[in-house]
Amino acid sequence: MTKYTLYNRPGSGGFAVEAALKLADQPFDFIDVGNKPGDEMPDHFRAINPWGQVPALILPDETLMTETGAILTYLAGAHPEAGLSPVPWTPAHGTFLRWMAFLGANIYEAILHDGYPARFTDDPDGVENVKTAALKRCHKGLGVLEDAIGANGWLQDEMSVADLYLAILFIWCKKREDRPKCEALTHRIAAHPVIAPIWRRNFDHRPGVKWGR
């Protein structure tokens, strides 16, 4: 049987890709790239993704995919029977694409600016300003998502990979107070019977909240 190959490391955004593959009941090989956040990527992985970021997913036909949002969108479309997104070419799918792009372009980028501020300024004295602005940006973006979450607790009518993406970004954002719907959504994702073992393996080492319990 053909299968996917997921390159990842514990605690990264590849959690969402692994969860999506499990929800879609798709076979895959998991390859741990063998480093920690902030460390240089090993050469064997840079040969796969020169940008040096996980996750990277090799499709069954050996096509390489990178970028968490793109991978999640692809998997949802490739396995419609799993219900990982609304039906393509419907208005609901348009909204889904909106949130996937918003999460990657605004929330994830703000988190990167906070976590790696020296990448985004040539002024050593400006590093703290980058971090401060990033935290404000992340909190503001979460406010937009907070307003979008419906009475059912998801971004749309049903849970989708956009909710997976939001959950991981929410726990990474250091400024997340006053966002109770985002917090509740994250707890629901972490407690999902299929997702919970993956979540705990990736994030239970983090101090503070034990999500989903």
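The side chains of Lys174 and Asp114 meet in a salt bridge, with 3.4 Å from N to O; a salt bridge here is a side-chain nitrogen of Lys or Arg within 4 Å of a carboxyl oxygen of Asp or Glu. This is a predicted model, in which local features need pLDDT of at least 70 and side-chain atom pairs count only at pLDDT 80 or more, while totals for chains, interfaces and linings use all residues. Residues are numbered from 1 along each chain as its sequence is written, and side-chain values use heavy atoms, with hydrogens and water left out.

- The Lys174–Asp114 pair links distant parts of the chain, 60 residues apart: Lys174 lies in the loop between helix H6 (161–172) and helix H7 (180–191), and Asp114 lies in helix H4. Helices (H or I, at least four residues) and strands (E, at least two) are DSSP runs, numbered from the N terminus.
- Lys174 has a relative accessible area of 59% and is therefore exposed. The classes are buried for under 20% relative accessible area, exposed for over 50%, and partly exposed in between, using a 1.4 Å probe and protein chains only.
- Asp114 has a relative accessibility of 5%, so Asp114 counts as buried.
- Asp114 also forms a salt bridge with Lys131, at 3.3 Å from N to O. This pair again links distant parts of the chain, with Lys131 in helix H5 (residues 127–148) and Asp114 in helix H4 (residues 91–115), 17 residues apart.
- Lys131 counts as partly exposed because its relative accessibility is 21%.
- Through shared partners, salt bridges join Asp114, Lys131 and Lys174 into one network.

**A salt bridge between Lys3 and Asp29**

- The count by this rule comes to 6 salt bridges. One of them is between Lys3 and Asp29, whose closest N and O atoms are 3.5 Å apart.
- Lys3 is in the segment before E1 and Asp29 is in strand E2, so this pair, 26 residues apart, links distant parts of the chain.
- Lys3 is partly exposed, with a relative accessible area of 37%, and Asp29 counts as partly exposed at 37% relative accessibility.

- Strand E1 (residues 4–8) is largely enclosed by the rest of the structure, because 5 of its 5 residues are buried.
- Both faces of E1 are covered, with Tyr4, Leu6 and Asn8 buried on one side and Thr5 and Tyr7 buried on the other.
- E1 pairs with strand E2 (residues 28–32) in the parallel sense over 5 bridges; two strands pair if DSSP finds at least two bridges between them. In this pairing, Leu6 stands opposite Phe30 in E2.
- The chain runs from E1 through helix H1 (residues 14–23) to E2 in a right-handed β-α-β crossover. Right-handed means that, with the strands pointing away from the viewer, the path from the first strand over the helix to the second runs clockwise.
- E1 also pairs with strand E3 (residues 56–58), in the antiparallel sense over 3 bridges. Here Tyr7 stands opposite Ala56 in E3.

**Helix H7**

- H7 has 12 residues and reaches 16 Å from its first C-alpha to its last, close to the expected 16 Å; the expected span is 1.5 Å times one less than the number of residues.
- Cys182, Leu185, Thr186, Ile189 and Ala190 of H7 are buried. Seen down the axis of H7, the buried residues fall within an arc of 135 degrees, so they line one face of the helix; the arc is that of the directions from the helix axis to the C-beta atoms.
- The buried residues of H7 pack against H1, H5, H6 and helix H8 (196–203), where contact means heavy atoms within 4.5 Å.
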